[in-house]
Amino acid sequence: MGAALYSLAFWSALATICLVMFPGAVIVFLLTYPFDRRRKLLHLYSSFWAQLFFYLQPLWRLRIAGREHLPWEGPAVLVANHQSLGDIVVLFGLYRPFKWVSKASVFKVPLIGWNMVLNGYVPLERGRGESVRKMMDACRAWLARGFPVFFFPEGTRSRDGQVQEFKDGAFALAVETGCPVIPIAVSGTADILPKHGFKLQMRADCRVRVLPPLSPADHGGDLEALKAAAREAIVAAKAELDRR
């Protein structure tokens with residue numbers, strides 16, 4: 001019963017926070033767009049919006065290490081393992097500029113999805129070739145403008161918490177553009193926002209570790225070698241985080 005009431009309170013708080021924060025996002029967008037066409041300030045506002053769920057819940061803990069590996073300026077391809085929708089809330093806590101690549105259906109969610117549209121995040125319909133091409137073109141455009149893009153290269157959330165095989169898209173972009181790949185390991189998010197159902201755990205201990213950048217040139221410009229190196233780094237770091 002305690003978990004059910006806690007979950008009800010959380011979802012009520014989520015709706016209230018979104019109702020309050022979305023008008024602010026519109027204001028930030030309108031005020032900053034003339035001089036901030038890449039919408040960096042709006043993304044940082046959205047990061048604060050997401051982190052409110054940690055600020056307001058004393059039993060949820062988030063620890064992040066390695067922020068120094070993330071750029072404030074310049075193109076990069078960020079990749080992380082994916083356990084639950086909670087990963088998104090947690091990774092906004094990086095407080096660094098980037099554009100998410102996200103499932104297209106999420107952009108239709110009232111308030112949250114509308115904010116994603118305002119931010120210029122990149123939609124993707126999995127399994128549709130035309131959507132994949134548009135996503136890659138949009139990511140190339142952001143990278144060309146000196147803005148990082150963020151992928152979950154597993155393509156979907158892990159069912160058992162183990163890191164699945166990575167898809168090629170993020171690494172093909174890195175090889176093509178010469179941008180570094182920055183691996184990010186995430187642990188402890190599986191129960192924050194469940195894949196099926198609405199009941200949450202009352203306690204959460206989430207950890208994120210940003211790992212040193214991987215240069216495509218250091219891997220001979222080979223997509224498979226770069227992909228394997230990123231996955232190996234994330235698997236090793238996640239295993240260490242899980243033990244803590």
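1. In this predicted model, seven strands make up an open sheet of mixed pairing, ordered β1-β7-β6-β2-β5-β3-β4. Strands are DSSP runs of E with at least two residues, and helices are runs of H or I with at least four, numbered from the N terminus; two strands pair if DSSP finds at least two bridges between them. At the edges lie β1 and β4 (122–124), each pairing on one side only. From one strand to the next, the twist averages 25 degrees.

2. Strands β2 (residues 77–80) and β5 (residues 149–151) run parallel and are joined by three bridges. Opposite Val77 stands Val149 of β5.

3. Helix α2 packs on the sheet, where it touches β1 and β7 (204–210), and its direction makes about 125 degrees with that of β1. Contact means heavy atoms within 4.5 Å; axes are lines fitted to C-alpha atoms, for helices over the stretch in contact, with angles from 0 to 180 degrees between N-to-C directions.

4. Leu56 belongs to the loop between α2 (40–55) and β1 (60–65). Its relative accessible area is 58%, so Leu56 is exposed (buried is under 20%, exposed over 50%, partly exposed in between; 1.4 Å probe, protein chains only).

5. Glu232, in helix α7 (residues 223–243), is likewise exposed, at 56% relative accessibility. Its C-alpha atom is 24 Å from that of Gly93, 139 residues away along the chain.

6. Residues are numbered from 1 along each chain as its sequence is written, and side-chain values use heavy atoms, without hydrogens and water. Local features need pLDDT of at least 70 and side-chain atom pairs 80 or more, whereas totals for chains, interfaces and linings use all residues.
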